[in-house]
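The entries follow in the order I checked them.

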Amino acid sequence: MKRSGMIAGVMGVLMGAALSTSVQAANMSKEAIAERLKPVGDVCLQGQDCGGAAPAPAAGGGKSPEDLFNASCSACHNTGAAGAPKKGDAGAWGPRIAQGMDTLYSHAINGFNAMPPKGGNASLSDDDVKSIVDYIVDSSK
């Protein structure tokens, strides 16, 4: 009895191996391999024809000045942290606005007192920073 059980077991293993080999062979066809290796998507850069799909905006690009302010400046300019003038506080912004927009732009881009250059967000372009300054000034007159 042991011998017939052993033979049946060996036969089962051999059948499983044969079946497994045929499944693996089917998965190794050129079409199956190509399907597994194909890209999951395409990269579409700004300025390229993307087949009708709109490309994702570059970092910072496409965001409103309010969105940029909320992401990079609001922690200090909404709370007054480190002496930052609060957005909307005409009394605090009046003397600063009187210095001229070029001075405000320079301070925001290059840093001033406790404020780091570009509010600590080096990924912002100078134009992004200027749009944020315009947004703050317009909100603080």
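I located Ser74 in helix 4, which spans residues 74-77. The model is predicted, so I read each value as computed from it.

I checked the exposure of Ser74: its relative accessible area is 15%. The cut-off for buried is under 20%, so Ser74 counts as buried.

I then listed the contacts of Ser74, leaving out residues up to four places away in sequence, and found Phe69 and Thr79.

Next I looked for aromatic pairs, and the count came to 1. The pair is Phe69 with Tyr135; the ring centres are 5.6 Å apart and the planes stand at 55°, so I noted the pair as tilted. Phe69 belongs to helix 3 (residues 65-72) and Tyr135 to helix 7 (residues 126-139), so I logged a link between distant parts of the chain, 66 residues apart. I found both Phe69 and Tyr135 buried.

The axes of helix 3 and helix 7 come within 9 Å and cross at roughly 95°. I therefore recorded helix 3 as roughly perpendicular to helix 7. On the helix 3 side I listed Pro65, Glu66, Leu68 and Phe69 as making the contact. On the helix 7 side I listed Asp128, Ser131, Ile132, Tyr135 and Ile136. Sorted by class, the contact of helix 3 with helix 7 has 6 nonpolar, 1 polar and 2 charged residues.

My last entry concerns a charge over a ring. I found Lys130 over the face of Tyr105, at 5.6 Å from the ring centre.

Terms used. Residues numbered from 1 in each chain as written. Predicted model: local features only at pLDDT ≥ 70, side-chain atom pairs only at ≥ 80, totals over all residues. Heavy atoms only, no water. Phe/Tyr/Trp six-rings, centres within 6.5 Å; stacked < 30°, edge-to-face > 60°. Helix = DSSP H or I, 4+ residues; strand = E, 2+ residues; numbered from the N terminus. Buried < 20%, exposed > 50% of the residue type's maximum accessible area, 1.4 Å probe, protein only. Lys NZ or Arg CZ within 6 Å of the ring centre and 35° of its normal. Axes fitted to C-alpha atoms, helices over the stretch in contact; angles between N-to-C directions. Parallel < 35°, antiparallel > 145°, perpendicular 65-115°, else oblique. Contact = heavy atoms within 4.5 Å. Nonpolar A, V, L, I, M, F, W, Y, C, P; charged D, E, K, R; others polar.
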